[in-house]
Amino acid sequence: MDNHIAIRVTDLEKVYKLYDRPSDRLKEALHIGRGKHHTEHRALKGVDMTIRQGECVGIIGTNGSGKSTILKIITGVLSPTAGNVEVNGRISALLELGAGFNMEYNGIENIYLNGTMIGFSKKEIDQKLDEILAFADIGDYVYQPAKTYSSGMFVRLAFAVAINIDPEILIVDEALSVGDVFFQAKCYHKFEEFKEMGKTIVFVSHDLSSISKYCDRVVLLNQGIKLGEGAPKQMIDTYKQVLVGQYTAPESEGERLLDDEQLRAMAAKGVDGSKMDERQQGGKAENPDLLEYGSKKAQITEYYITDEKGTRTATILKGSAFTIHMRVEMTERIAAPIFAFTIKTVRGTEITGTNTMFEKAFLESVEAGETKEITFTQEMNLQGGEYLLSLGVTGYEEDDFTVYHRLYDVLGVTVISDKNTVGFYDMNSTVTVK
């Protein structure tokens with residue numbers, strides 16, 4: 001395997017045998033009766049994935065898509081039914097909560113147990129012990145049996161071991177969703193350190209903001225199939241389509257819904273994977289590669305931004321008022337449509353947005369053939385830079401969330417500022433010094 005490749009997964013399959021009753025498992029093991037006593041569940045279906053050294057790769061997908069299964073196979077916890085996995089480097093994994101812990105052992109004993117399982121000697125663990133205890137910061141509980149720990153203590157100790165024994169590859173599965181905000185900040189700071197050191201990180205999370213912020217590339221799984229891989233923004237937008245049942249595979253693609261080479265080409269167009277139209281037509285920086293989907297019971301037919309003087313523009317002065325406009329035509333009766341906008345960074349992190357339901361601005365039904373003009377007016381307090389605007393019309397039909405029309409990253413927005421502070425927003429602080 002190429003020395004620059006950390007993990008290579010080839011045509012990976014995982015099939016679980018599911019039994020209705022424990023006795024069926026015994027009957028099959030003893031060959032009692034004819035035929036099979038189980039049904040098969042294919043958790044992974046011919047998945048290919050290559051992760052290069054120094055990359056931070058996110059894996060996203062709905063529950064049951066195979067994310068945790070593929071991580072367990074990479075780390076050796078599970079064996080594949082078919083396919084091949086190659087790993088180049090020492091792995092440290094933080095999988096299910098408490099995995100690798102002996103509930104009767106105390107924290108110190110579990111540190112040595114986990115370190116030994118990873119492949120460290122007692123001497124090496126001795127040298128790291130103080131660093132691990134300081135990072136975990138669970139006090140005298142390290143001398144208590146693990147069965148007395150809270151979920152937060154499990155994560156603190158497990159992550160402290162995983163992150164402080166100098167692995168070449170770090171694998172994390174949802175574990176950072178547990179723990180207080182200070183511990184999570186400490187963990188993400190370690191992520192940054194690992195990336196700067198050229199370590200490889202494989203990160204599974206439902207926190208799409210973290211995926212967008214930390215990952216160089218994202219792999220999207222659904223029902224055991226790899227839908228695609230590419231820039232975080234593309235994969236997150238496609239994942240949102242999957243979540244609302246609005247993604248349809250191109251007929252020519254078969255089971256593999258997205259083409260990897262096409263996605264890489266899209267990602268190569270820019271940091272955000274999109275390419276804004278350089279022509280300013282009608283004051284709009286339009287995106288020719290926008291993502292559009294929905295049932296079309298309502299359709300967004302026009303959209304633009306105006307500044308505080310009412311001029312159509314895609315450039316807004318920080319601190320000034322601006323208005324987002326959208327025209328929506330109804331093709332069918334809708335009980336209570338929700339009109340929304342979202343502003344994101346070029347990497348796909350959602351910064352702000354609102355909708356008519358949040359604002360309690362429109363809670364009425366609309367009839368087929370009606371047209372609604374919606375405006376959102378607010379002050380621009382984002383820092384100077386480039387942003388992306390998304391628009392949507394959604395609603396609920398018999399308690400089911402429904403997307404009528406969505407336009408992701410439809411317009412580019414440029415904010416002009418002569419004073420940028422820290423972060424995304426300016427708090428417009430009043431400062432006094434006496």
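Helix H4 passes helix H5 in a right-handed crossing. A crossing counts as right-handed if the near helix is turned clockwise from the far one by less than a right angle, and left-handed if anticlockwise. This is a predicted model, in which local features need pLDDT of at least 70, side-chain atom pairs count only at pLDDT 80 or more, and totals for chains, interfaces and linings use all residues. Residues are numbered from 1 along each chain as its sequence is written, and side-chain values use heavy atoms, with hydrogens and water left out.

**The helix pair**

H4 covers residues 122–136 and H5 covers residues 151–163. Helices (H or I, at least four residues) and strands (E, at least two) are DSSP runs, numbered from the N terminus. The two axes come within 8 Å and cross at roughly 140°. Axes are lines fitted to C-alpha atoms, for helices over the stretch in contact, and angles run from 0 to 180 degrees between N-to-C directions. H4 and H5 are therefore oblique to each other. Angles under 35 degrees count as roughly parallel, over 145 as roughly antiparallel, 65 to 115 as roughly perpendicular and the rest as oblique.

From H4, Ile132, Phe135 and Ala136 take part in the contact. Their counterparts in H5 are Arg156, Leu157, Phe159, Ala160, Val161 and Ile163. Contact means heavy atoms within 4.5 Å. Eight of these residues are nonpolar, none is polar and one is charged. Here Ala, Val, Leu, Ile, Met, Phe, Trp, Tyr, Cys and Pro count as nonpolar, Asp, Glu, Lys and Arg as charged, and the others, Gly among them, as polar.

**The sheet**

Three strands form an open, antiparallel sheet in the order E2-E1-E4. Strands E2 (39–52) and E4 (82–87) are at the edges, each with a single partner strand, so one side of each has no neighbour in the sheet. The twist averages 20° from one strand to the next. E1 (residues 5–18) pairs with E4 over five bridges; pairing requires at least two bridges found by DSSP. Isoleucine 7 has valine 87 in E4 as its bridge partner. Helix H2 (residues 67–75) lies across E1, E2 and E4, at about 115° to E1.

Glutamine 223 has a positive phi and is not a glycine.
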